[in-house]
Amino acid sequence: MVMHFQPMGPSSSQQQVAFHRTELAPILGLYGRMVAAGEWRDYGISHLSDVAIFSIFRRTAENPMYRIEKRPKLRDKQGQYAVIGMDGRILKRGHDLRTVLRVLERKLIRAVD
(Lines give C-alpha, C1' and ligand atoms only; values in the text may rest on other atoms or scores of the structure.)
Protein backbone atom coordinates (compact mmCIF):
# COMPACT_ATOMS: atom_id res chain seq x y z
CA MET A 1 0.00 0.00 0.00
CA VAL A 2 1.38 3.40 -0.99
CA MET A 3 0.41 6.38 1.16
CA HIS A 4 1.21 9.96 0.20
CA PHE A 5 0.98 12.79 2.68
CA GLN A 6 1.67 16.50 2.37
CA PRO A 7 4.77 17.35 4.42
CA MET A 8 4.38 19.32 7.62
CA GLY A 9 5.60 22.87 7.49
CA PRO A 10 4.45 26.47 7.08
CA SER A 11 1.87 25.56 4.44
CA SER A 12 0.42 22.69 6.49
CA SER A 13 -2.02 25.08 8.18
CA GLN A 14 -4.03 25.20 4.92
CA GLN A 15 -7.06 22.95 4.71
CA GLN A 16 -6.64 19.74 2.74
CA VAL A 17 -9.29 17.99 0.70
CA ALA A 18 -9.89 14.48 2.02
CA PHE A 19 -12.23 11.57 1.40
CA HIS A 20 -14.87 11.14 4.08
CA ARG A 21 -15.55 7.71 5.56
CA THR A 22 -18.82 7.52 3.60
CA GLU A 23 -16.86 8.14 0.38
CA LEU A 24 -14.11 5.64 1.18
CA ALA A 25 -16.59 2.81 1.85
CA PRO A 26 -17.75 2.37 -1.79
CA ILE A 27 -14.23 2.99 -3.11
CA LEU A 28 -12.68 0.35 -0.83
CA GLY A 29 -15.57 -2.04 -1.53
CA LEU A 30 -14.87 -1.86 -5.25
CA TYR A 31 -11.12 -2.08 -4.60
CA GLY A 32 -11.59 -5.27 -2.56
CA ARG A 33 -13.66 -6.92 -5.29
CA MET A 34 -11.05 -6.04 -7.93
CA VAL A 35 -8.22 -7.38 -5.73
CA ALA A 36 -10.20 -10.62 -5.28
CA ALA A 37 -10.58 -10.82 -9.08
CA GLY A 38 -6.79 -10.42 -9.43
CA GLU A 39 -7.01 -7.13 -11.33
CA TRP A 40 -5.63 -4.65 -8.81
CA ARG A 41 -2.80 -5.03 -6.30
CA ASP A 42 -2.14 -1.73 -4.51
CA TYR A 43 -3.49 1.75 -3.83
CA GLY A 44 -2.38 5.13 -2.58
CA ILE A 45 -4.25 8.09 -1.13
CA SER A 46 -3.16 11.71 -1.52
CA HIS A 47 -4.79 14.64 0.27
CA LEU A 48 -3.81 17.98 -1.26
CA SER A 49 -5.12 21.52 -0.91
CA ASP A 50 -7.53 21.29 -3.87
CA VAL A 51 -7.95 17.56 -4.56
CA ALA A 52 -8.08 14.18 -2.84
CA ILE A 53 -6.83 11.29 -4.99
CA PHE A 54 -7.29 7.53 -4.59
CA SER A 55 -4.76 5.94 -6.98
CA ILE A 56 -5.13 2.31 -8.07
CA PHE A 57 -2.14 0.23 -9.15
CA ARG A 58 -1.76 -3.14 -10.85
CA ARG A 59 1.76 -3.37 -9.38
CA THR A 60 3.36 -1.16 -6.74
CA ALA A 61 6.17 0.19 -8.92
CA GLU A 62 3.93 1.28 -11.79
CA ASN A 63 2.03 4.45 -12.54
CA PRO A 64 -1.58 4.26 -11.37
CA MET A 65 -4.05 2.50 -13.67
CA TYR A 66 -6.87 4.71 -12.43
CA ARG A 67 -7.29 7.74 -10.20
CA ILE A 68 -10.48 8.53 -8.35
CA GLU A 69 -10.45 12.25 -7.67
CA LYS A 70 -12.53 14.50 -5.46
CA ARG A 71 -12.38 18.20 -6.39
CA PRO A 72 -14.87 20.18 -4.28
CA LYS A 73 -14.39 23.32 -6.40
CA LEU A 74 -16.14 21.48 -9.27
CA ARG A 75 -19.14 20.54 -7.11
CA ASP A 76 -21.42 23.11 -8.75
CA LYS A 77 -20.07 22.55 -12.26
CA GLN A 78 -19.32 19.11 -13.75
CA GLY A 79 -19.35 17.33 -10.39
CA GLN A 80 -16.68 16.88 -7.77
CA TYR A 81 -15.92 13.18 -8.49
CA ALA A 82 -13.98 11.81 -11.46
CA VAL A 83 -12.38 8.57 -12.57
CA ILE A 84 -9.27 9.20 -14.66
CA GLY A 85 -7.45 6.58 -16.73
CA MET A 86 -3.73 5.93 -16.97
CA ASP A 87 -3.51 8.14 -20.06
CA GLY A 88 -5.12 11.11 -18.29
CA ARG A 89 -8.53 10.76 -19.95
CA ILE A 90 -11.55 11.42 -17.76
CA LEU A 91 -13.56 8.19 -17.95
CA LYS A 92 -16.49 9.47 -15.89
CA ARG A 93 -17.28 12.64 -13.94
CA GLY A 94 -20.30 13.44 -11.83
CA HIS A 95 -21.94 14.56 -8.63
CA ASP A 96 -22.63 11.08 -7.20
CA LEU A 97 -19.60 8.93 -6.30
CA ARG A 98 -21.38 5.58 -6.70
CA THR A 99 -22.54 6.53 -10.20
CA VAL A 100 -19.03 7.61 -11.17
CA LEU A 101 -17.54 4.33 -9.85
CA ARG A 102 -19.81 2.29 -12.14
CA VAL A 103 -17.35 2.87 -14.98
CA LEU A 104 -14.87 0.70 -13.02
CA GLU A 105 -17.49 -1.86 -11.94
CA ARG A 106 -18.08 -2.69 -15.60
CA LYS A 107 -14.43 -3.70 -15.76
CA LEU A 108 -15.03 -6.06 -12.81
CA ILE A 109 -17.82 -7.80 -14.73
CA ARG A 110 -15.45 -8.34 -17.67
CA ALA A 111 -12.69 -9.60 -15.35
CA VAL A 112 -14.96 -12.25 -13.80
CA ASP A 113 -16.37 -13.55 -17.10
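This report covers a strand pair, a nonpolar core and a few residues that link them in a predicted model.

**Glutamate 69 and its strand**

Strand S4 spans residues 66-70 and holds glutamate 69. Is glutamate 69 buried or exposed? Its relative accessibility is 5%, so glutamate 69 counts as buried, the cut-off being under 20%. The side chain has a polar partner: it makes a polar contact with the side chain of arginine 67 at 3.1 Å. Setting aside residues up to four places away in sequence, glutamate 69 touches Val51, Ala52 and Ile53, and also Gln80, Tyr81, Ala82 and Ile84.

**Strand S5 between S4 and S6**

S4 and S5 are antiparallel and pair over five bridges. Alanine 82 in S5 is the bridge partner of glutamate 69. On to the next strand: S5 and S6 (residues 90-94) also run antiparallel, joined by four bridges. There, arginine 93 is the bridge partner of alanine 82. The hairpin of S5 and S6 has four residues between the strands, and in this hairpin glycine 88 takes a positive phi near 95°.

How many residues of S5 are buried? Five of its five are. Both faces are covered, with Tyr81, Val83 and Gly85 on one side and Ala82 and Ile84 on the other.

**The largest nonpolar core**

This core has 22 residues. Trp40, Phe54, Ile68 and Leu104 touch the most other members. Helices H1 (21-36) and H2 (97-112) each give two or more residues, as do strands S2 (42-47), S3 (52-57), S4 and S5 (81-85). Which element gives the most? H2 does, with five residues.

Leucine 104 has contacts beyond four places in sequence with Leu30, Met34, Trp40, Ile56, Tyr66, Ile68 and Val83.

**Leucine 97**

Leucine 97 is found in helix H2. With 7% relative accessibility, leucine 97 counts as buried, because the cut-off is under 20%. Its contacts, leaving aside neighbours within four places in sequence, are Glu23, Pro26, Ile27, Ile68 and Tyr81. Leucine 97 and isoleucine 68 are 29 residues apart in sequence, yet their C-alpha atoms are 9.4 Å apart in space.

| Residue | Element | Relative accessibility |
|---|---|---|
| Glutamate 69 | strand S4 | 5% relative accessibility |
| Leucine 97 | helix H2 | 7% relative accessibility |

Technical notes. Residues are numbered from 1 along each chain as its sequence is written. This is a predicted model: local features need pLDDT of at least 70, side-chain atom pairs count only at pLDDT 80 or more; totals for chains, interfaces and linings use all residues. Side-chain values use heavy atoms; hydrogens and water are left out. Buried means under 20% relative accessible area, exposed over 50%, partly exposed in between (1.4 Å probe, protein chains only). A polar contact is a pair of N or O atoms within 3.5 Å; within protein, one must be able to donate a hydrogen and the other to accept it, and residues adjacent in sequence count only if both atoms are side-chain atoms. Contact means heavy atoms within 4.5 Å. A nonpolar core is a set of buried Ala, Val, Leu, Ile, Met, Phe, Trp, Tyr and Cys residues joined through side-chain atoms within 4.5 Å. Two strands pair if DSSP finds at least two bridges between them.
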